[in-house]
Amino acid sequence: MRVAVYRMLYGEDFIRESIRSVLAYVDRVFVVKAERPWGSSTGVLYKDSWVPWPETFDHTRERIASLKEPRIEIINDFWPRPQAQYQHIVKDLLLPRCKRLTEVVYMEPDWVFEAGQAEKTFAAWKANPHAARGWTGQVELWRTPAWRLPYRARATPHLARLRVRDTSGPELLIKAVCHNLGFCVSETSMYWKHLTAMAFSAEIDIALTAAWSTV
């Protein structure tokens with residue numbers, strides 16, 4: 001059984017397009033949804049004013065519901081830090097729901113496959129059944145689909161087989177690309193992306209510093 005999983009705080013801009021781009025290649029889609037950022041913050045000081053976190057950051061839930069797709073499930077879940085979140089999602093959220101789970105496609109709400117690139121990605125994955133992990137490249141768009149950034153060797157969708165022995169060999173680099181629309185989001189989304197990063201980055205830095213100090 002293959003599922004796609006998203007971890008989200010906000011992401012209404014392209015979530016429908018992203019889900020549609022992988023839906024034909026997975027059995028189910030899980031959206032792991034939090035309503036506040038990583039860490040313990042309740043807001044952030046921005047331009048000398050306190051901005052509290054809203055009850056909801058955007059209309060992600062409504063956008064997903066509009067797809068009217070029974071294979072999509074939203075899971076309410078808060079994880080306090082970015083480290084080990086995917087392990088938590090698979091072990092504590094996905095496996096109890098999907099006893100036959102064998103493959104996971106890790107997606108973000110602003111990653112969208114063109115139809116031909118999705119087909120190429122999953123065909124290459126199927127053709128390499130002994131690969132434990134695989135990645136595609138990305139095309140980073142800038143403000144609108146008419147513009148893009150120069151190519152950078154950055155991975156986007158990550159495919160994993162849970163029951164294939166990881167021999168720590170090279171990961172499968174799939175010769176296909178996914179479009180990254182992270183720089184094309186609305187002004188509202190970019191506003192919240194900026195403010196939440198300001199709030200949780202300090203806590204993450206503190207946590208990482210503490211972790212390294214014990215090594």
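1. Does Arg2 count as buried or exposed in this predicted model? Arg2 counts as buried because its relative accessibility is 17%, and the cut-off for that class is under 20%. The residue belongs to strand β1, which spans residues 2-8.

2. The side chain of Arg2 has polar partners of two kinds. One of its polar atoms lies 2.8 Å from the backbone oxygen of Tyr25. With the side chain of Glu103, the Arg2 side chain makes a polar contact, also listed at 2.8 Å. Leaving aside residues up to four places away in sequence, Arg2 touches Tyr25, Val26, Asp27, Arg28, Glu103, Val105, Phe122 and Trp125.

3. Strand β11 (residues 172-183) pairs with β7 (residues 111-112) in the antiparallel sense, over two bridges. Within this pairing, Asn180 of β11 stands opposite Trp111. Strand β8 (residues 133-142) runs parallel to β11 and is joined to it by seven bridges. His179 in β11 is the bridge partner of Val139.

4. The largest pocket holds about 860 Å³ of space. Its lining comprises 33 residues, and those nearest the centre are Tyr10, Glu108, Pro109, Asp110 and Lys193. By residue class, the lining divides into 17 nonpolar, seven polar and nine charged residues.

5. Which element gives the most to the lining of the largest pocket? Helix α5 does, with five residues. Strands β1, β8 and β11, like α5 (187-213), each supply at least two residues of this lining. Two of these strands, β8 and β11, are the parallel pair described above, and β1 is the strand that holds Arg2.

Terms used
Residues are numbered from 1 along each chain as its sequence is written. This is a predicted model: local features need pLDDT of at least 70, side-chain atom pairs count only at pLDDT 80 or more; totals for chains, interfaces and linings use all residues. Side-chain values use heavy atoms; hydrogens and water are left out. Two strands pair if DSSP finds at least two bridges between them. Helices (H or I, at least four residues) and strands (E, at least two) are DSSP runs, numbered from the N terminus. Buried means under 20% relative accessible area, exposed over 50%, partly exposed in between (1.4 Å probe, protein chains only). A polar contact is a pair of N or O atoms within 3.5 Å; within protein, one must be able to donate a hydrogen and the other to accept it, and residues adjacent in sequence count only if both atoms are side-chain atoms. Contact means heavy atoms within 4.5 Å. On a 1 Å grid over the protein atoms alone, a cavity is a set of points where a 1.4 Å probe fits but cannot get out, and a pocket is an open set with protein on both sides within 12 Å along at least five of seven lines; lining residues have an atom within 4 Å of a point. Grid points are joined across faces, edges and corners, and a volume is the space filled by probe spheres set on the points. Ala, Val, Leu, Ile, Met, Phe, Trp, Tyr, Cys and Pro count as nonpolar, Asp, Glu, Lys and Arg as charged, and the others, Gly among them, as polar.
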